[in-house]
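The stops below are meant to be selected one after another.

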Amino acid sequence: MTTKNMILEAYELANKQYAELGVDTNEAIEKLDKLVISLHCWQTDDVSGTENPEGTLSGGIQATGNYPGKARNISEIMTDLEKVMSLLPGKQRINVHALYGDFSEERVDRDSITIKQFQHWVDWCKKLEIGMDFNGSFFSHPNADSGFTLSSKDERIRKFWVEHLKRTRDIANEIGKQLGSPCILNTWIPDGSKDTPIDRNGMRAQLTKSLDEGFKTEYPKKHMKDAVESKVFGIGAESMTVGSHDYYLGYAIKNNKMICLDNGHFHPTEIVGDKISSCLQFVDEVLLHVTRPVRWDSDHVVTLNDETQLIASEIVRNDFMHRINVGLDFFDASINRIGAYVVGTRAVQKAFLIALLEPTNKLVELEENGKNFERLAMLEELKSKPFGAIWDYYCMINDVPIGENYIKDIQQYEEDVLKKR
Ligand SMILES: C[C@H](O)[C@H](O)[C@@H](O)C(=O)CO
Ligand SMILES: [Mn+2]
């Protein structure tokens, strides 16, 4: 029997098993195909960027490892991302940080960037017919060395970063306009204090002042949408983070912004899956940065673990797909970087597929009737249903490697491209 026939046969059997539970696998696949995952460009080069690739990564984040083959310029980043997308089923878009501009003709500082430095990215996205998201880069820069950017009490520093915020919003608007797909601009700042600060309120008041100034211009939501990203702590800012979750959730609700939930940015026992339905009571949309924190915000490659699953299940169970923007945020420099993307993105897609194959109405019915043993039993039994057969079929109809077959493709790319860098 050919592999194709085996996959088709397994799919038919799995389809029947899920039908017995009242789940239509074809419908699940159709819905999964609507999921667009925003691929962060910074796993290609360990967040080095193209502005000053030899500089040190600051802002309390760290990419550990020195696996060969890291991308060294925009062209290599694009080549790597094209390879990644060729190995993924479904749809993707690209998420670019401001420190990834094209500065080959002219080196401009962050308070002077315009669409010009990002036109190359936009043209590439046009060619690939994909959308693009954008981020201000408030780290790896001398004006962030004090540990404070938008919340700084030094007016020169604060103004510099307000101007950066304004510029990034303008660029995002232009990206969305050119690509005909709203560009999400995420604003994350590393501001915080290593040791116990006194004037927490003063720092947060500065941040509010800066955000209010930076967000003054209204842009059409069909072109760009703002998100603000909170964090519990960063390396070197252990005692206090200015942009905490309480802070940004409040700011987002008051100012009609998206909140960005990065699941590496909370205390280890907090789970982002549980926050989605809370936030969506009060904000229109949420941006996700899906990652895998191991003991801290370590940004390990996402896997199909309970945390990833709850995030996907909460979105699917509540029909939140159109109010959630799924982005990734991991950077592991210790393994093949293309492999990191493919494993991490496929893990998120698998979590969504599993969620789509759940007989949610039946589970809710059990819950509402107080049948908690039955709910627990069903949840456990669902784990061993043949979702893998549906996944393989989805990869097959998307014409991408099935199962672990992408490993050899990536090994080949390592030989042909990465080892020559
Ligand atoms: C590059 C960073 O991961 C990113 O800007 C931010 O989203 C973050 O999560 C910082 O910890
Ligand atoms: Mn993040």
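Select helix α3 (residues 74-86) together with helix α10 (residues 337-356): their axes come within 9 Å and cross at roughly 40 degrees. Axes here are lines fitted to C-alpha atoms, for helices over the stretch in contact, with angles running from 0 to 180 degrees between N-to-C directions. The angle makes α3 oblique to α10, since angles under 35 degrees count as roughly parallel, over 145 as roughly antiparallel, 65 to 115 as roughly perpendicular and the rest as oblique. Helices (H or I, at least four residues) and strands (E, at least two) are DSSP runs, numbered from the N terminus.

This is a predicted model, in which local features need pLDDT of at least 70, side-chain atom pairs count only at pLDDT 80 or more, and totals for chains, interfaces and linings use all residues. Residues are numbered from 1 along each chain as its sequence is written, while chains are lettered from A and ligands numbered from 1 in the order in which they are written.

Next, display the side chains between these two helices. Asp80, Lys83 and Val84 of α3 meet Arg337, Ile338, Tyr341 and Val342 of α10; contact requires C-beta atoms, placed from the backbone, within 7 Å. The residues of this contact of α3 with α10 divide into four nonpolar, no polar and three charged (Ala, Val, Leu, Ile, Met, Phe, Trp, Tyr, Cys and Pro count as nonpolar, Asp, Glu, Lys and Arg as charged, and the others, Gly among them, as polar).

Now move to helix α1 (residues 3-20) and helix α13 (residues 387-397), whose axes come within 8 Å and cross at roughly 135 degrees. That angle makes α1 oblique to α13. Residues of α1 in the contact include Lys4, Ile7 and Tyr11, and those of α13 include Ile390, Asp392 and Met396. The contact of α1 with α13 comprises nine nonpolar, no polar and two charged residues.

Colour the strands next. Eight of them form a closed barrel in the order β1-β2-β3-β4-β6-β8-β9-β12, with parallel pairing; strands pair if DSSP finds at least two bridges between them. Strand β1 (residues 36-40) and strand β2 (residues 91-97) run parallel and are joined by five bridges. Select Ile37 there: its bridge partner in β2 is Gln92.

Finally, centre on Val326 in strand β12 (residues 324-328). Is Val326 buried or exposed? Val326 is buried, because 22 other C-beta atoms lie within 10 Å (20 or more counts as buried, 12 or fewer as exposed, and in between as partly exposed, with C-beta atoms placed from the backbone). Among the residues that Val326 touches are Ile37, Leu288 and Val348.

Terms used. Lists of a residue's contacts leave out its neighbours within four places in sequence.
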